[in-house]
Amino acid sequence: MAAMRAPAAVILAASLLGACKTDRPPAPAAPPLEGPSAPTSAASPPTGLSLSPPSSGSTNMPTPPPPASSGDPTALANVARGDRDFAARLYGRVRGADGNLFFSPTSIRLALGMTYEGARGETRAQMGRVLAFDDTASSGFAALLTQWAARAAPPPAAATTDWERAAAERKRLVLRVANRLWGQQGKAFEPDFLARLRDDYGAPLETVDFHGATEPSRLRINAWVADSTEQKIRDLLAPGTVTPDTRLVVTNAVYFKANWASEFWEAGTRQESFTTASGAAVKAPLMHKVDSFRTAKITAGDVPCAALEMPYGAPGVAMIVLLPDARDGLPKLEAKLDGALLDTAMARLQQARVDLAFPRFRATSALQLGEVLSAMGMPAAFAADQADFSGMDGTREIFIGAVVHKAFVSVDEKGTEAAAATAVAMAGAGMPTEPPVPFHADHPFVYVIADTTNHTILFMGRVVDPTR
């Protein structure tokens, strides 16, 4: 089979699919699955890492155990160090898409991190450079997932009054990360590869029959992703993404929900003018608050901007907004956006009294990342005649055919709900005397949802029109 690059899409969960390179006979067919009524994650519960229980509206979503390994804090620092740089570089590659943008660097890196564990030779070297990975990556991710699991605890049972329950709910962080491998029934995978993904990523192997029951297998994976993301990410794998030649799909799903440390009053939300990227003015719901926030003035090259941290009730998690001073300044800001700028913005934040206006919005994105990642410097992984994933199955018969990612975000007066998935197919006291600092996000801006303890970027995006 000739070298192939298949399109990729951005989703709340991450998946890796493996396509066979040769025309060798297929693995023995398993009994066919029963179409859409085949077992889904409701009947076959999603395992992997669940950092917090599902919301009260979720059904059939048990809490699986975390990874067996707690990882290495030093390795965690290595994984986190390259996170902002990768997020900004990837943003630079996909910012040409029209409209609002949203994706999860964490979901994409986790999915590709699991893939990296099976890469060898030049394929591994290229992936390491693009993704900022080294041989400690799996231990670093194990430490990160363990850290998140410790922080995403349910509200204390001691709360007995309405006020106590409300205060506890504001501090609640729902951060669910689920990983799973879907392998062709009858195909042998390297025991060390399976053990590494099970122990460090919490990603067990489930067998399906891509060859004999392609469509039921695709629907089964999509159902698992939907259940893992509170139904926010559906149809991650479009028809045709999975083929009879698929040998492995590596899936990651991330679900996030948190309330603001101090919620906006709904009565303060007003329909006001928002200048879109085109220069046109639209009426959009802008939430208002005068409160204490951490903010800073920064310069991205020659582009003056304001940075603002909007903390969630759960410690160590915040939305950070980069707002250019000029109403038409977003393109220039995006052109200068890199990991160093994100580091600078977070380092310079200082407490101030802020007059905040911020839009209420929802956004979804679907990105195709195969060609993007190849152009970033890892083409060998996508070339049938060059890819070396022998660490997965002991052969050089599989390569990455597609990387698919989808993401969803909803921001309102109470807080933020977000989800993402990635799929890689192998063929996130007294009154002050000083007036408040204005921060009016009434024109396009960039934002990230970050773990501020180690500066990992869970989600990243932009708003050019909150009404769309």
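N252 lies in strand β5 of this predicted model. The residue is buried, and its relative accessible area is 0%.

In β5, 13 of the 14 residues are buried, so the strand is largely enclosed by the rest of the structure. N259 is also placed in β5. N259 has a relative accessibility of 17%. The cut-off for a buried residue is under 20%, so N259 counts as buried. N259 and G415 are separated by 156 residues in sequence. In space, their C-alpha atoms are 4.0 Å apart.

Strand β5 has a partner. β3 and β5 pair in the antiparallel sense, and eleven bridges connect them. Within this pairing, R176 stands opposite Y255 of β5. In a regular strand, side chains alternate between the two faces of the sheet.

Helix α7 packs against this pair of strands. The helix covers residues 191-201, and its buried residues are F193, L197, D200 and Y201. These four cover an arc of only 95 degrees around the axis, which means that they lie on the same side of α7. What do the buried residues of α7 pack against? Their partners include both strands, β3 (173-184) and β5 (246-259). Three helices complete the list: α3 (105-116), α5 (137-151) and α12 (390-393). Turned away from the buried side, it carries P191 and D192, which are exposed. Just after the helix comes G202, with a positive phi of about 65 degrees.

A further buried position is found in a loop. A441 sits between β15 (437-440) and β16 (445-451). Its relative accessibility is 0%, so A441 counts as buried. Which residues surround A441, leaving aside neighbours within four places in sequence? A441 is in contact with F274, L286, L323, A357, F358 and P359. V463 is 22 residues from A441 in sequence, and the C-alpha to C-alpha distance between them is 9.6 Å.

These details belong to a protein chain of 468 residues, of which 58% count as buried. Its secondary structure consists of twelve helices and 17 strands. The accessible surface of the chain comes to about 17,900 Å². Carbon and sulfur atoms account for 53% of that surface.

The mean pLDDT is 82, and 80% of the residues reach 70 or more. Over residues 1-64, however, the pLDDT is below 50. This stretch still has 259 contacts in the model beyond near neighbours in sequence.

Conventions. Residues are numbered from 1 along each chain as its sequence is written. Side-chain values use heavy atoms; hydrogens and water are left out. Buried means under 20% relative accessible area, exposed over 50%, partly exposed in between (1.4 Å probe, protein chains only). Helices (H or I, at least four residues) and strands (E, at least two) are DSSP runs, numbered from the N terminus. The arc is that of the directions from the helix axis to the C-beta atoms. Contact means heavy atoms within 4.5 Å. Accessible areas come from the Shrake-Rupley method with a 1.4 Å probe; for residues, only the protein chains shown count as cover. Two strands pair if DSSP finds at least two bridges between them. pLDDT is the predictor's confidence in each residue, from 0 to 100.
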